[in-house]
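These are my notes from an afternoon with one model. I wrote down what I looked up, in the order I looked.

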Amino acid sequence: MMGAMQWLGSLFFPQGRVCHACGAPLMGSEPLLCAACSVSLAGHTYPPYQVETVVDADFTFAAAPYRYDGAPAALVKALKFGADHTAALVLAEGMGAAYA
């Protein structure tokens, strides 16, 4: 039987203390990604000013801060197919940097 604190924690933190990319348990101060996935995310980041692309006349700027591989791909899949909305926070930080 689940204790009261465990039940309350699962209510507010349904994903628990696991990495939102690979599912590994988070240690200490790791916020949303484990150390390995944080390194993978950084390794898949596009250099500044290489995210711009012209799509068509009505949509002149698109940005992808990460290559779709490794941790970035896992985060997109967790958000899209796993309803892990917290994964969007990590991706949003990269989008903010790309559009800044």
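Where does His44 lie? I found His44 in the loop between H2 and H3. The model is a predicted one, and I read everything below with that in mind.

**His44**

His44 counts as buried, because its relative accessibility is 12% and the limit for buried is under 20%. I then listed its contacts, leaving out residues up to four places away in sequence: His44 touches Pro65, Tyr66, Arg67, Asp69, Gly70 and Pro72.

**Overall layout**

I stepped back to the whole chain. I counted four helices and zero strands, and along the sequence the pattern reads α-α-α-α. The chain has 100 residues, of which 26% count as buried. I also looked at contacts between residues at least 6 apart in sequence, and 40% of these join residues at least 24 apart.

**H2 against H3**

How do H2 and H3 pack? I noted an angle of about 105 degrees for helix H2 (residues 35-43) and H3, with the axes 6 Å apart. H2 is therefore roughly perpendicular to H3. On the H2 side I listed Cys37, Ser40 and Leu41, which meet Gly70, Ala71, Pro72 and Leu75 in H3. I sorted the residues of this contact by type and got five nonpolar, two polar and no charged.

**Nonpolar core**

Next I looked up the largest nonpolar core, which has 14 residues. The members that touch the most other members are Cys19, Ala21, Leu33, Cys37, Leu41 and Leu75. H2, H3 and helix H4 (87-99) each supply at least two residues of this core. In soluble globular proteins, nonpolar side chains tend to be buried together.

With neighbours within four places in sequence set aside, Ala21 is in contact with Leu33, Cys37, Ala71, Ala74 and Leu75.

**Cysteines**

I went back to Cys19, which lies in the loop between H1 and H2. Cys19 counts as buried, because its relative accessibility is 3%. Its contacts, not counting residues up to four places away in sequence, are Ala24, Leu26, Leu32, Leu33, Cys34 and Cys37. Cys19 and Cys34 are 15 residues apart along the chain, and their C-alpha atoms are separated by 5.4 Å.

A disulfide here needs two cysteine sulfur atoms within 2.5 Å. The closest cysteine sulfur to that of Cys19 is in Cys37, 3.7 Å away, and this is too far for a bond. Cys34 is in no disulfide either, as its nearest cysteine sulfur is that of Cys37, 3.7 Å away. I also noted Cys34 as buried, because its relative accessible area is 8%.

**Ala24**

I placed Ala24 in the loop between helix H1 (4-12) and H2. Ala24 is partly exposed, with a relative accessible area of 27%. Apart from residues up to four places away in sequence, Ala24 touches Arg17, Val18 and Cys19. From Ala24 to Ala36 I noted twelve residues in sequence and 9.7 Å in space, C-alpha to C-alpha.

Ala78 sits in helix H3 (residues 70-82). Is Ala78 buried or exposed? I have Ala78 down as buried, because its relative accessible area is 16%. With neighbours within four places in sequence left aside, Ala78 is in contact with His20, Ala83, Asp84 and Ala87. Ala78 and Ala88 are ten residues apart in sequence, and 9.0 Å apart in space, C-alpha to C-alpha.

Ala83, one of the contacts of Ala78, is in the loop between H3 and H4. Ala83 counts as partly exposed, because its relative accessibility is 46%. I also checked the backbone here: phi of Ala83 is near 55 degrees, a positive value in a residue other than glycine.

Terms used: Residues numbered from 1 in each chain as written. Predicted model: local features only at pLDDT ≥ 70, side-chain atom pairs only at ≥ 80, totals over all residues. Heavy atoms only, no water. Buried < 20%, exposed > 50% of the residue type's maximum accessible area, 1.4 Å probe, protein only. Contact = heavy atoms within 4.5 Å. Axes fitted to C-alpha atoms, helices over the stretch in contact; angles between N-to-C directions. Parallel < 35°, antiparallel > 145°, perpendicular 65-115°, else oblique. Nonpolar A, V, L, I, M, F, W, Y, C, P; charged D, E, K, R; others polar. Core = buried A, V, L, I, M, F, W, Y, C linked by side-chain atoms within 4.5 Å.
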